[in-house]
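Hello,

Please find the structure below. My notes on it follow.

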Amino acid sequence: MDLKDMSVPLSFIQGVMERMEMILAAQAQKGQPLTWTESREGLLMRHIFSRLNAISKPNVGFRTAFVPQAYPPCTLPFSALTKIMLKDLRLETHHKGKYLILRCIVPSYRLINVMSIVEDECGDVIMLTLRHQDESRSWDEILGCGMILAVKEPYLRRMSDGTNGIIVDHVSNYKHISMKDNLTPDRWQERPPECYEKATTCNITGKELAKENMHFSAISSSYTEGLSRCPTEEELCTLKLNRSEAYFMTDHLESALLDIESVEKMSKPEDNLLLDKARVLYEMQKFREYCDTLKPLAVKDPKNEELRKKLQRGIDRLIEQERGRYKFSKLYDEVTMLRPPVLDHATYIGPVAVKSADHRGRGLFTTKEVKAGDLLLCEKALGLAFVDTSAPNYRGTLLVNAQQGTATIGGQVDLLTIMIQKLQKNPSLIPVISELHHGSYEPVGVSFVDDAPVVDTFLIEKVLSLNIFACPLTTRDCWFGSITKNDVRINKSNAKLGSCGLWKVASYINHSCNINAQRSFIGDMIIVRASRDLAPDTEVFTGYDMPSADGYDELQKKFQHYGFECDCAICQDYRDTDKETHIKRNRLIAAASEEIERLTRSKTAKAEAIVERLAACYTKPALEVPRLGLWDIQFQLAEKYSIYFKPEKIVEFGLKSLESLGYVIQGGEIPCESVTLKVIQWGLMMPLVLRCWALLSLSYHLVAPELEGQAKAYAKITYRVCIGEDETFDKAYRELLL
Ligand SMILES: [Zn+2]
């Protein structure tokens, strides 16, 4: 994870600091009884003004989300909890074993969270905040005026604006209840006529709600209600199929499939039911079952062009999923069209498996021999928060952790909500997320209570903080742009990123500065390719950050968050090398850099002499420990010679620079003794290696034409490793040589 800070207005930061201090100060009031500083009318008026503000200026300024102190979600059913009233609540306290019954008395609004004013049956009022609500739902559907809610184990908190409020951090800690629910207080119970509606009337109401896009309400208050009203077999099928449609529309894919399958079992399924089933299976990325469902239909109706296309779409996904064959040009096309860039492609997990990696916990290992450039995986994100900083309605989101004193800008807040919603709607994913690395956080170990999934906000937050990757829209555009501009030495390409995502298998890959694989992105797909030839059962490493010759301490600081210290060959060597040698190397690097800058066509000896002295400061073989500082200088020299059009020198220092990274290359020296150029062993992959091969190829064109194509072929493999694909290599290569 490498989200970087971006510029934020100072006044905004001051405001955040004040609110942070207020939150920390409020913790001192823990356990004190709740007192009302405002009248009911005052609270309502303030809410109405805030709501108007939110409606009139929906896209202004930064948004801030504060990370509260972690506490577990409730794992007890309502029957095991006792009711509590607002007046009995204590400040900054998690009321274990209790529940509140609240009625919303004004229309709600949303900033990051959905907020409204609620009362209990004593008539006391307070602000209620529901965190991590579905972005696609209307405020009224989430927390509408008159709705009754049961909130488990409420947490009363001093809000960042100084007032008191109840914040529901875990989406599974509350539910809407109907008038006739046993939990609803007697005095609130009405017996509206619809209580006596028949199943078929419920179905009609549900369809009307669905037409209004109120699919959530259609599911709970109509179709599900109708199913409890002794429907006939025909009514039951209709209700379930309509509910399945509403589930599908709201991404409750597992529930949508269950409803369809239960109808499918009742009688010989109609074609439409099978088409609906296939649609759900496709969204669930069950492409084999999707194809199996459609095949009999296509056989029965061979002239149906639409059906044939649908089946072909499934077959294309199967080829991706099972063989790792992608048409990357299609992925790029979709990236330009889709926002968020969630692509219509399948996940391929290649010759790799998750295994124990000793002190590193778990890691990803090769299951067979692979060559540099081979695809290890091409995985769709479980969740992606796309932040388009160039969009006119762009709003930065600041995630503030008052306890840790940290703030991060980017998509993390949105990604947390995306993942929480995904898990609540598709509970089979809960164990998948719980299994990912979560440091010392203790998950609750209960997945269902009161027939609803238990979703732990703080667990997901922890998992995200340790497992997400920042991602560009495409690595090609982001990274290649900086290679041609020749400024990747300070790899700033990630600095302006706010987008981030979670990839299940890729998140098991551990860090090493001495990488043997490289990750790249196209939309929500992460692509990992081997950057060296790897034997079976080799642990795969990518870099969380790029190593540099002098950034050791800075680099280690970044790993503190993940709780490890890098013990790769480069870091070990850095620790083992005495201070004197470090000083000497740094002095020579600076001197060489200066001399290369001054180098002219005829005066080259001095620069080369310094580079030679620098090379003498490295004792361990480059094969074991890549010599980053030396590589950098040697490549700078090769680049400089390209300005003076000295192909022999470019080849000499280009090859030397690759050797400094641990590459073992046979042939290629000028004068040329052999007509083959062969990489016997791949070294450390750095962004500029691609440009190095391009320069070599260009130089061979002039002095050893038979080697030009071979060098270009290595440039192509390097491109595939770094960019993720090589379909766009030829066009990019021409640009690279400009
Ligand atoms: Zn390292």
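How many bridges join S12 to strand S15 (residues 375–380)? Two bridges join them, and the strands run antiparallel. Strands here (E, at least two residues) and helices (H or I, at least four) are DSSP runs, numbered from the N terminus, and two strands pair if DSSP finds at least two bridges between them.

Before the rest, the conventions. Residues are numbered from 1 along each chain as its sequence is written, and side-chain values use heavy atoms, with hydrogens and water left out. The model is predicted: local features need pLDDT of at least 70, side-chain atom pairs count only at pLDDT 80 or more, and totals for chains, interfaces and linings use all residues.

Confidence
pLDDT is the predictor's confidence in each residue, from 0 to 100. The chain has a mean pLDDT of 90, and 94% of its residues reach 70 or more. Over residues 1–6 the pLDDT is below 50; this stretch has 26 contacts beyond near neighbours in sequence (contact means heavy atoms within 4.5 Å). Residues 485–496 also stay under 50, with 25 contacts beyond four places in sequence.

Sheets
S12 and S15 belong to an open, antiparallel sheet of four strands in the order S12-S15-S25-S24. Strand S12 (348–349) and S24 are its edges; each has a single partner strand, so one side of each has no neighbour in the sheet. Tyrosine 348 has cysteine 378 of S15 as its bridge partner. Helix H11 (residues 328–337) lies across S24 and strand S25 (525–530), at about 50 degrees to S24; axes are lines fitted to C-alpha atoms, for helices over the stretch in contact, and angles run from 0 to 180 degrees between N-to-C directions.

Another open sheet has three strands in the order S16-S22-S21, again with antiparallel pairing. Three bridges join S16 to strand S22 (residues 500–502), and alanine 385 is paired with cysteine 500 there. Helix H12 (residues 412–425) lies across S16 and S22, running at about 150 degrees to S16.

Zinc site
The protein donors of the zinc ion are Cys513 (SG), Cys566 (SG), Cys568 (SG) and Cys571 (SG), 2.2 to 2.4 Å from it. Donors are N, O and S atoms within 2.8 Å of the metal (3.2 Å for Na, K and Ca); water is not among the atoms, so sites may look incomplete. The angles between the four donor atoms are 104 to 114 degrees, which makes the arrangement tetrahedral (four donors, all angles between 85 and 135 degrees). Cysteine 513 and cysteine 568 are both buried, meaning under 20% relative accessible area with a 1.4 Å probe, protein chains only.

Regards

Technical notes: Four donors count as tetrahedral if all angles lie between 85 and 135 degrees; four count as square planar and six as octahedral if opposite donors are over 155 degrees apart and all others between 65 and 115; anything else is irregular. Buried means under 20% relative accessible area, exposed over 50%, partly exposed in between (1.4 Å probe, protein chains only).
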